[in-house]
Amino acid sequence: MQVKTYSFHHPLAFWAGCLFITLGVLAHIPMFIHASHMNYHMVGMPMDTNMLIGMGLIPLGLLMACYGLMPRLALLRIGNHNHVNHFHVADNSPLNRQHLKLVFALLVAVIVDVMKPATLGFVMPGMVEEYQVSVQSIGSLALIALTGTAIGSVLWGRMADVLGRRAAILLSALMFIGTSICGAMPSFEWNLIMCFLMGMSAGGLLPITFTLMAEMIPARHRGWLLVALGGIGTSAGYLLASGAAAIIEPLFSWRVLWMLGLPTGIAVIVLNRYIPESPRFLANAGLGKEARAVLEQYNGEMDNNSDINEPPVVQDINGFYHTIKHSYAAITIGLLGVGLAWGAVTFGFLLWLPTNLREMGMSAEATNTLLAQSGLFALPGILLVIWLYHHWSSVKTLVLFAGLTAASLFLYSIFAWLDMSSNSLFIFSTACLLISSSGVIAMLIPYAAEIYPVHLRGSGAGIVAASSKVGGILGAGLGVTGFFSDIAFSAFFIALPLVIFALILLKSGIDTRGRRLEDIHADFVNKSTD
């Protein structure tokens, strides 16, 4: 049975927008094919008429699609009586086929989202060769992409709270499709612009998918499925990106890796039939009738008259900053701090680790083998994270893995200061760091999607997601200054504040396992008034 979603308000405009965007991307293909005899090198080629028309169709298509999705909330509320929506019934219902279809559709969205930044490392060598730019210049591509993802996380998170979760996911996917023309740009400068826009689209998809899933999945299954979605989606995204680089890039050059945004983005649009609007968003917007329809599609028929068993909901209509200041200040500081530290570890410390190990006397072969072995040890870590998050405590598991990340960094400092260069010691430290840091990012955004109130859930998840990107920008910038050349000091410098932020999380966070989202919000409000 197909889910009756919170449908398009102007379906013709939406699908016409999708068509215009697709045609705009396809208009760049002839020039790409024309360069096949030059190994698809398009540098210096002038943009033809088809490309210019295509570049005009894409923003026009985005505007039309946005208009097609724009909710006319005031009109919909007319005659929309305040139905009692039994979220407690939905939270206690078992997983069914509709839930699994939703999980599959959102998993595809996460994979598509992860593929794009994962592709960045595979296109850089080809771009250096074709555009004849320095390694330092090509490094700016990663910084610009990270900046785009950070901004996108915040903007799309806010959009999810205003237009709806489903609308934000679909618009982000359409922007993702449009920016795949990055693969046909004849100049490096145009690649920088498109990479920024691509980062904006990719940065928003992740927090919105977690927000929607948190509001749709029954409470007792929500936590472990959110963490599994992040862990499996991230692994699959990197696997597909590396597979495409190994199989398709030798045939069609690095450019085709960017163009994969077209088919992968279309896959998300095709799966829109399995992506409903969040009933909690609809109810909060005053659309009780539509919220009830979605609930019944996922949880069966509900009593229209009885409201006896529905627990009271803490109403909070304040703005983002007021709510954060009065109810979520400490937990937000803790989450943002851990996100910043994770970004600095991933895009700073780990990025420079191979170079530092070689300077400490390890051969290139030994360094690569060490990192590969450590990566293998890290794979089962996600399963441990899922089990602990579901069976022990959500916030304590997050704090535990943040603490393990800090402990791993402290080990590096100790080994470096004591001049201990044993391979086994560094394998142990690296494996611990990869396991713990992977666990942190697998839980960080899901936990944020569980704790914030419904009218700010997208924004909250968005800024927490953005913090990890800002940490990456900070890490990349510090790397350019040579900060990570001193492995002992840099590890200690990141580990110390990470411990502080983990302790803030431990003190201010609450366990979310199996609890209604409304009860979680009520706990934070009550804690702030104690």
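**A friendly note on ring pairs and a helix crossing**

1. Let's start with one side chain: Phe349 has a relative accessibility of 1%, so this residue counts as buried, the cut-off for buried being under 20%. Please keep in mind while you look around that this is a predicted model.

2. How many aromatic pairs are there? The count comes to 14 aromatic pairs. One of them joins Phe349 and Tyr412: the ring centres are 5.2 Å apart and the planes stand at 70°, so this pair is edge-to-face, a label for planes over 60 degrees apart.

3. Now see where these two residues sit. Phe349 belongs to helix α16 (residues 320-359), while Tyr412 belongs to helix α19 (residues 394-417), so their pair ties together parts that are 63 residues apart in sequence. Is Tyr412 buried or exposed? With a relative accessible area of 0%, Tyr412 is buried.

4. Next, a pair of helices. Two packed helices are described by the distance between their axes and the angle between them. For helix α6 (residues 97-131) and helix α15 (residues 288-299), the axes come within 7 Å and cross at roughly 105°. That angle makes α6 roughly perpendicular to α15, since the range for this label is 65 to 115 degrees.

5. Which residues make the contact? From α6 come Gln98, His99 and Leu102, and from α15 come Gln297, Tyr298 and Asn299. Sorted by type, the residues of the contact of α6 with α15 are 2 nonpolar, 4 polar and no charged.

Technical notes: Residues numbered from 1 in each chain as written. Predicted model: local features only at pLDDT ≥ 70, side-chain atom pairs only at ≥ 80, totals over all residues. Heavy atoms only, no water. Phe/Tyr/Trp six-rings, centres within 6.5 Å; stacked < 30°, edge-to-face > 60°. Helix = DSSP H or I, 4+ residues; strand = E, 2+ residues; numbered from the N terminus. Buried < 20%, exposed > 50% of the residue type's maximum accessible area, 1.4 Å probe, protein only. Axes fitted to C-alpha atoms, helices over the stretch in contact; angles between N-to-C directions. Parallel < 35°, antiparallel > 145°, perpendicular 65-115°, else oblique. Contact = heavy atoms within 4.5 Å. Nonpolar A, V, L, I, M, F, W, Y, C, P; charged D, E, K, R; others polar.
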